[in-house]
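These are my notebook entries on a single protein chain. I looked up helix packing, aromatic pairs, selected residues and backbone geometry.

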Amino acid sequence: MSVMLSAAGSLRWFRDALAPGVEFEDLVAEAADVPAGSDGLLFLPYLSGERSPHPDPLARGAFVGLTLGHERRHMTRAVLEGVAFGLRDGLDLMTSAGMTPAGQIRASGGGTASALWRQILADVLGTELATVETTEGAAFGAALLAGVGADWWRTVDAATEAVVRVRPVAAPGPDAPAYAERHAVYRELYPALAPTFPRL
């Protein structure tokens, strides 16, 4: 299991702090014009500390690589990419522990409403991304497990076959190699900044 403490919450924080009143759709639409890699800008999404792969309650968020050439649209895209990189770190942690690499990843939640974010996730995770017809993935899964426990379905597989509807929405595209390079740089940032976090 991998847990990220500020995924879609990172975009909400960014919007509320730097673009109050702007609709999420409009904010993300601006970012669609920025090339993969946000013109050298990276975002660490550790706004509430972190759990995977860095179990560090003192971890902090950061924009790294800001220049005079960056605008809000670059920062928005960097937030989307930074969350995707954080999720990739968690996926890498699970596969290094022996999990079979996934041929498809199913996603739920508010962030999956964005076509741009879904594509970034598919590119960064290196696999097809599918959405399910619920915004409450964890609660929905818990309800299915309760249904199995109450004998509404005989098995978890039977419950998911009966109720879960999956729609493939994105596959890795031409930006995937660029994201692999950016992720390598992203992974160097936590070890470099971690010694400063307890002093902040």
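The entries below are grouped by topic.

**Basis**

I worked from a predicted model, in which local features need pLDDT of at least 70 and side-chain atom pairs count only at pLDDT 80 or more, while totals for chains, interfaces and linings use all residues. Residues are numbered from 1 along each chain as its sequence is written, and side-chain values use heavy atoms, with hydrogens and water left out.

**Helix packing**

I noted first that two packed helices are described by the angle between their axes and the distance between the axes. Axes here are lines fitted to C-alpha atoms, for helices over the stretch in contact, and angles run from 0 to 180 degrees between N-to-C directions. Helices (H or I, at least four residues) and strands (E, at least two) are DSSP runs, numbered from the N terminus.

I looked up α1 (residues 8–18) against α3 (residues 72–96): their axes come within 9 Å and cross at roughly 160°. The two helices are therefore roughly antiparallel to each other. For the angle classes I used under 35 degrees for roughly parallel, over 145 for roughly antiparallel, 65 to 115 for roughly perpendicular and oblique for the rest. α1 passes α3 in a right-handed crossing; a crossing is right-handed if the near helix is turned clockwise from the far one by less than a right angle, and left-handed if anticlockwise.

Which residues meet between α1 and α3? I found Ser10, Leu11, Phe14 and Leu18 on the α1 side, and Arg72, Met75, Thr76, Val79, Leu80 and Val83 on the α3 side. Contact means heavy atoms within 4.5 Å. The residues of this contact divide into seven nonpolar, two polar and one charged. In that count, Ala, Val, Leu, Ile, Met, Phe, Trp, Tyr, Cys and Pro are nonpolar, Asp, Glu, Lys and Arg are charged, and the others, Gly among them, are polar.

I then took α5 (residues 137–149) with α6 (residues 156–163), whose axes come within 9 Å and cross at roughly 125°. That makes α5 oblique to α6. The crossing of α5 past α6 is right-handed. Phe140, Leu144, Leu145 and Val148 of α5 meet Val156, Ala159, Thr160 and Val163 of α6.

**Aromatic pairs**

How many aromatic pairs does a search of the whole structure find? It finds nine. Rings of Phe, Tyr and Trp (its six-membered ring) pair if their centres lie within 6.5 Å; planes under 30 degrees apart count as stacked, over 60 as edge-to-face and the rest as tilted.

Tyrosine 46 is buried at a relative accessible area of 1%, and tyrosine 190 is buried at 13%. Buried means under 20% relative accessible area, exposed over 50%, and partly exposed in between (1.4 Å probe, protein chains only).

The rings of tryptophan 152 and tryptophan 153 have centres 6.4 Å apart and planes at 75°, so this pair is edge-to-face. I list tryptophan 152 as exposed at 66% relative accessibility and tryptophan 153 as partly exposed at 21%. Ring pairs also link Trp13, Phe14, Phe43 and Phe63 into a cluster.

**Threonine 127**

Threonine 127 is in the loop between α4 (115–125) and β4 (128–132). Is threonine 127 buried or exposed? At 7% relative accessibility, threonine 127 counts as buried. Leaving aside neighbours within four places in sequence, I found threonine 127 in contact with Ala102, Gly103, Gln104, Ile105, Ala122, Ala170 and Pro172.

**Backbone geometry**

Most residues other than glycine have a negative phi, and most peptide bonds are trans. I noted that the peptide bond from serine 52 to proline 53 is cis, with omega near 0°. Proline 53 lies in the loop between β1 and β2.

Aspartate 39 has a positive phi, near 50°; this residue is in the loop between α2 (24–31) and β1 and is partly exposed at 46% relative accessibility. Aspartate 151 also has a positive phi, near 65°. I placed aspartate 151 in the loop between α5 and α6, where it counts as exposed at 66% relative accessibility.
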